[in-house]
Amino acid sequence: MTGAPKRHPRTQAAPIATAGRVAVAVAAGGAVAFAAVLAKRRAVRTSCKPFYAEATERFTIPGINHGFVPQDLFYLADEQTWLFSGYMANRRPSPLFQVGADGTVRRHEVRLPDGSLYRGHGAAVTAAGPYVFLTVRDGFVVLSRAALDAAADGDILQATDHRTVPLEPAFMNVQKGMLYIGEFQRRLFYPTPKSHWLRCPSGETNPALALAYAPHEKGPFGFGEHPAAVYSIPGNVQGLCVTPEGNIALSLAWGLGDAEVRVYDPAKAKRGGSYLVESHHCPLYFLDNATLVKTLTVPPMAEGIESHDGRVYVSDESASNKYIFGKLYGAGKVYAIDLEG
């Protein structure tokens, strides 16, 4: 009898069996991963229960399902518009989003003063007077607020100026007329200069700084050349705002663990002499355990925070397509909470 030789039955079955084992393994791995996500969802809902009980869901973070990884938000009161900065997970140019009072979303890219498109982290965005500030590695670039307001969806915004600051900015906010800009520290991953590590009056060591610039008519873009105050702050700080009562709120987050919003009373912050910034002696204050008045647990990967309408608004990156798991517990929304009610 002619034809191809018969294969041994076990030889024929082996690839099928192997494929089956692989499929089972993949399915099992997927089930374990899904179970872990569900467990995380339950854990978040439990640990953040006070936050969800008190917070109000306001609106969806723009671009959250299209590759945008949000880092900060800021409210333009005159325009009744929310700004969002961040980056794209696919390394495309980093956008600025505007969300109007009616929910209309406008997306823009930013052209830097050197002519290149902005692809930075978008760590922070804020505004003062006729200017909008967007962080870059060594400070921030400046855009026209009027041009931003007039821009149509898809327009490219031109940054016209650039200011350097004496730290690598991770957050920035204009609050009650002051420009705050500070750094992020996380162990070996995001080190800060050892000169920024300061022993607090309450005993702990703060490893990062925030600088506060006062308004100045003749200063660069409306603020003083040198900081009016330096604050010693903890690590993991993602955002800062000032509450209606004048307290300083910091958002702290890292990885998949619960994030926090800590509220400090700057009136109780002990003066630590002065701190030398670019050959200028600035008053030094400590945001430490002795100054802390409240801590609120919030969902993982909280980012920028903003004070508006008597409440603090919290943004989050965990529901972006880069991380996904936040989609399971509503982290793709901006929440507002009264920290002092």
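**Entry 1. A228**

I began with A228 and listed its contacts (heavy atoms within 4.5 Å). Leaving aside neighbours within four places in sequence, A228 is in contact with M178, A212, Y213, A214 and P283. The model is predicted, so I took local features only at pLDDT of at least 70 and side-chain atom pairs only at pLDDT 80 or more, whereas totals for chains, interfaces and linings use all residues. Residues are numbered from 1 along each chain as its sequence is written, and side-chain values use heavy atoms, with hydrogens and water left out.

I placed A228 in the loop between strand 15 (208-213) and strand 16 (229-233). Here strands (E, at least two residues) and helices (H or I, at least four residues) are DSSP runs, numbered from the N terminus.

**Entry 2. N206**

N206 is buried, with a relative accessible area of 3%. Which residues does N206 touch? Not counting residues up to four places away in sequence, I found H196, W197, L198, C200, S232, I233, P234 and L287.

The N206 side chain reaches the backbone oxygen of S232 at 3.1 Å, and it reaches the backbone oxygen of L287 at 3.1 Å.

I examined strand 18 (residues 248-252), which is mostly covered: five of its five residues are buried. In a regular strand the side chains alternate between the two faces of the sheet. In strand 18, I248, L250 and L252 point one way and A249 and S251 the other, and all are buried.

I checked the pairing, which requires that DSSP find at least two bridges between two strands. Strand 17 (residues 237-242) runs antiparallel to strand 18 and is joined to it by five bridges, with L240 opposite L250. The hairpin of these two strands has five residues between them, and G246 takes a positive phi near 95 degrees.

Strand 19 (residues 259-264) is likewise antiparallel to strand 18, with five bridges between them. The partner of A249 in strand 19 is V263. This second hairpin has six residues between its strands, and G255 in the turn has a positive phi of about 60 degrees.

I recorded an open sheet of four strands in the order 6-7-8-10, paired antiparallel. Which strands form its edges? They are strand 6 (125-128) and strand 10 (161-164), each pairing on one side only. The twist averages 30 degrees from one strand to the next; axes are lines fitted to C-alpha atoms, for helices over the stretch in contact, and angles run from 0 to 180 degrees between N-to-C directions. Strand 6 pairs with strand 7 (residues 131-136) over four bridges in the antiparallel sense, and A127 stands opposite V132 in strand 7.

**Entry 3. Salt bridges and cysteines**

How many salt bridges does the structure hold? I counted six, taking a salt bridge as a side-chain nitrogen of Lys or Arg within 4 Å of a carboxyl oxygen of Asp or Glu.

E79 forms one with R145, the closest N and O atoms being 2.8 Å apart. This pair links distant parts of the chain, 66 residues apart: E79 is in the loop between strand 2 (68-76) and strand 3 (81-88), and R145 is in helix 3 (residues 145-150). R145 is buried at 14% relative accessible area.

E168 and R137 meet at 3.1 Å, N to O. E168 is partly exposed at 46%, whereas R137 is exposed at 64%.

Lastly, I searched for disulfides (a pair of cysteine sulfur atoms within 2.5 Å); the count comes to zero. Among the cysteines, C48 is buried with a relative accessible area of 0%, and C200 is buried at 4%.

Technical notes: Buried < 20%, exposed > 50% of the residue type's maximum accessible area, 1.4 Å probe, protein only. Polar contact = N/O pair within 3.5 Å; in protein donor to acceptor, adjacent residues only side chain to side chain.
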